[in-house]
Amino acid sequence: MWAQEIVAGRPAWRHVPSGVVFRAVPGGTFRMGLSDAELEAVRAIERADGADDNLEAFFAGAVGARPVREVRVEPLLIARHPLTVAQVRHWLPEYEDSFAESASNTARLEVDLDDLLGALPFRLPSEAEWEYAARAGTTTLTFRGDGRPDEDQVLGDFSDEERTAAAENVFGLAAMGSANEICADVWIPHFTDAPADARPRTGDGPRVVRGGGGDLHPWQGCDEWLLLLSATRDEAQDFTAVRPAAPVPTSQGI
């Protein structure tokens, strides 16, 4: 079911039936949430006239990604990028996507989401796993640093292997933050009493989504760059992308 290979110069696991490429993310601990240093970095961008509008609403909503806490994440596989239209059609052959210009675009699921999740042999990442994977060992606004992200960091078409490889973080993951990716957790508007491990928080209601900077492309000057930040989180609405996760294969599972 799994094949080990090298993709863009890095080790990868390919799910043979679907062709979806996964990266092995090592376990570790990290500080999850929007830190004081990151809030100050956003203020610095605003002071330097890097914001398109007043960011008062962003700072007021920062409680949704706080308090910052240390979280332990176990090793896992996570897809190199969100599932594309072509990849979704492996499980849902009749899938159509009104947002996509080609089959190599990120698939954005609406009424098909539950059908896809029921068909996938994988699980959704918890939002702790997602943020850990997005940060890839960094503590800055994005894995690229504390500068304002711009539109050239948005990636939603994976036909260009060179561009996809250039967009990877040190875990070999591309387009983290570009699409609003659904996580396993139910939406809770804070991290108070959240677990210190990466288990998803469960319950009734909408799930968490992470990212979304590319879902408003082309940008129209509404501070869409904030959706690319590693700690940005929201509740799922309308359409969503899927970046599946899986256990690291054993020798018996190869």
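**Reading pockets and packing in a predicted model**

Colleague: How do the residues of the lining of the second largest pocket divide into nonpolar, polar and charged?

Modeller: They divide into five nonpolar, five polar and six charged residues. Please keep in mind that this is a predicted model. The second largest pocket has a volume of about 420 Å³. Its lining comprises 16 residues, and those nearest its centre are Asn-105, Arg-108, Gly-156, Gly-214 and His-217.

Colleague: What is the volume of the largest pocket, and which residues lie closest to its centre?

Modeller: The largest pocket has a volume of about 700 Å³. It is lined by 27 residues, and Gly-211, Leu-227, Thr-232, Arg-233 and Asp-234 are the closest to its centre. Two elements, α2 (56–60) and β9 (233–235), each give two or more residues to this lining. The largest share comes from β9, with three residues. By type, the lining of the largest pocket holds 13 nonpolar, seven polar and seven charged residues.

Colleague: Why does the radius of gyration of the chain agree with that of a compact globule?

Modeller: One compares the value with a reference for the chain length. For 254 residues, a compact globule would have a radius of gyration near 18 Å, and the chain has 17 Å, so the two agree.

Colleague: What percentage of the residues is buried, and what share of the contacts joins residues 24 or more positions apart?

Modeller: A residue is called buried when its relative accessible area is under 20%. In this chain, 52% of the 254 residues are buried. Among contacts with a separation of 6 or more, 73% are between residues 24 or more positions apart. As for the surface, the chain exposes about 11,600 Å², and carbon and sulfur atoms supply 50% of that area.

Colleague: Let us take a single residue. Where is Phe-99 placed, and which residues does Phe-99 touch?

Modeller: Phe-99 sits in the loop between α3 (85–91) and α4 (113–119). Leaving aside residues up to four places away in sequence, Phe-99 touches Arg-108, Glu-110 and Phe-239. Phe-99 and Asp-215 are 116 residues apart in sequence, yet their C-alpha atoms are 9.4 Å apart in space.

Colleague: Why does Phe-99 count as partly exposed?

Modeller: The class between buried, under 20%, and exposed, over 50%, is called partly exposed. Phe-99 has 37% relative accessibility and therefore counts as partly exposed.

Notes
Residues are numbered from 1 along each chain as its sequence is written. This is a predicted model: local features need pLDDT of at least 70, side-chain atom pairs count only at pLDDT 80 or more; totals for chains, interfaces and linings use all residues. Side-chain values use heavy atoms; hydrogens and water are left out. On a 1 Å grid over the protein atoms alone, a cavity is a set of points where a 1.4 Å probe fits but cannot get out, and a pocket is an open set with protein on both sides within 12 Å along at least five of seven lines; lining residues have an atom within 4 Å of a point. Grid points are joined across faces, edges and corners, and a volume is the space filled by probe spheres set on the points. Helices (H or I, at least four residues) and strands (E, at least two) are DSSP runs, numbered from the N terminus. Ala, Val, Leu, Ile, Met, Phe, Trp, Tyr, Cys and Pro count as nonpolar, Asp, Glu, Lys and Arg as charged, and the others, Gly among them, as polar. The radius of gyration is taken over C-alpha atoms; the globule rule is 2.2 Å times the number of residues to the power 0.38. Buried means under 20% relative accessible area, exposed over 50%, partly exposed in between (1.4 Å probe, protein chains only). Contact means heavy atoms within 4.5 Å. Accessible areas come from the Shrake-Rupley method with a 1.4 Å probe; for residues, only the protein chains shown count as cover.
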